[in-house]
Amino acid sequence: MFQSFQNESDFYWELVKKNVGVYSEEEQLTLKEAKVVIFGLGGVGGVQAILCARMGIGHITGVDADEFEVSNMNRQMLASTSVLGEAKAKVAEKAVKDINPYISTRFVQTMVDEENVIDLIKGHDVVIEAVDDMPSRVIIHRTARELGVPSVGMSGSPPNRGFVSSFFPDGVHYEDILNLPGKGVKLTDESARKQIADIKKERARYSVEQGAPKEWAEQFCEGKAGWIITPVRAMLLATFSFHEAVQIITKRPPSAPAPKALLINLDAEQPVQMKTAPDGGWNYAHL
C-alpha cells in the first residue's frame with residue numbers, strides 16, 4: 001500500500017488528512033516544517049515521539065541515555081519484550097520512521113547536561129521536556145529560554161497527579177514560578193544540584209498525604225525504590241503536554257502558558273483543572 005503513493009507529498013497529506021479541519025492546511029504545513037526536540041523517551045516522551053510522527057511534525061530530535069528494561073513496560077508504549085536491552089533512542093527512531101518513512105530525525109543516546117544541551121536545542125521550534133530528574137529539567141528549560149526557544153514542562157506525582165505548563169523566552173521563568181533553588185548557578189555545582197534533586201524527596205513525602213503508600217515514600221527517600229507511575233498518568237501527561245507544543249508551533253494560544261498550569265488529579269472531583277500560580281509561585285513539592 002505504501003508503494004502506491006507517487007511521492008513524499010502525496011503520502012504526507014494522506015497521513016495527516018484527518019488533522020485538516022481541526023487545523024488548517026497552512027497550520028499543517030507549519031507542523032510539517034517544524035523541528036521539535038524531546039528530552040526523555042520513556043513513558044511520556046516515547047508517546048510524544050509517536051504523536052509527533054502521527055501529527056505530521058517534520059523533524060524530531062529525541063534524547064535519552066537509557067535502554068529498555070522490563071520495569072518500563074507498564075507505561076512506556078515503546079517498550080516490549082522484543083526491544084529489551086535496546087537503546088530507547090534507537091527504538092523510538094525506528095518507530096517514528098515506521099509511521100512516516102520521510103520524517104527527518106536525530107535520535108541520540110546521551111544524558112543531557114550543560115555541555116551538550118545547547119547543541120541539542122539550537123535550531124528547534126519547541127522543546128518538550130519529559131525527563132524524570134529535577135536538575136535535568138532545570139538545565140533544559142534554562143537553556144531553552146537562553147536560546148529563545150519555547151519549552152513545555154511537565155511532572156507527575158503519585159498516586160494520579162500531574163502538572164503541565166508552557167514557558168516562553170519573554171515570559172515567566174521556569175525556576176522562578178516553581179521556586180527552585182540555585183537560579184543562575186551552574187549545575188556542575190554539586191551543592192546546587194543536590195538541593196534541586198532533593199525536591200523530589202519532598203514530593204514523595206507530600207504524595208503520602210495524597211494517598212501514596214508511606215512505605216514507598218520512605219524507601220524512595222532512602223534510595224531503595226523508584227518513582228511510582230501508572231500508564232494512565234504517563235499517557236495524560238504526554239497528551240496534554242504534546243497539545244501545548246502543537247499550539248505553540250501553529251501559533252495558537254497554548255492552554256497553560258506559565259504562570260498558568262494544567263493540574264491533573266484523577267482522584268479529585270474535578271480531575272483536570274486550569275489554574276494560575278498563586279502569588280509567589282508554585283510549591284513544586286506539591287505538584
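Trainee: Leaving aside neighbours within four places in sequence, which residues is Thr 143 in contact with?

Mentor: Contact means heavy atoms within 4.5 Å. Thr 143 has such contacts with Val 117, Ile 118 and Ile 121. This is a predicted model, where local features need pLDDT of at least 70 and side-chain atom pairs 80 or more, while totals for chains, interfaces and linings use all residues. Numbering starts from 1 along each chain as its sequence is written, and side-chain values use heavy atoms, without hydrogens or water.

Trainee: Is Thr 143 buried or exposed?

Mentor: Thr 143 counts as buried because its relative accessibility is 6% (buried is under 20%, exposed over 50%, partly exposed in between, with a 1.4 Å probe and protein chains only). Thr 143 sits in helix H6 (a DSSP run of H or I, at least four residues; strands are E, at least two).

Trainee: How much space lies in the largest pocket?

Mentor: A pocket is an open set of points on a 1 Å grid where a 1.4 Å probe fits, with protein on both sides within 12 Å along at least five of seven lines; lining residues have an atom within 4 Å of a point. Here the largest pocket holds about 740 Å³. Its lining has 37 residues, with Arg 75, Gln 76, Ala 130, Val 131 and Asp 132 closest to the centre. Helix H6 (134-147) is among the elements giving two or more lining residues, but strand S5 gives the most, with 3.

Trainee: Which residues lie nearest the centre of the second largest pocket?

Mentor: They are Arg 161, Leu 263, Ile 264, His 286 and Leu 287, out of 15 lining residues. That pocket holds about 260 Å³, and strands S6 (161-167), S7 (260-265) and S8 (272-276) each supply at least two residues of its lining.

How values were computed
Points joined across faces, edges and corners; volume = space filled by probe spheres on them.
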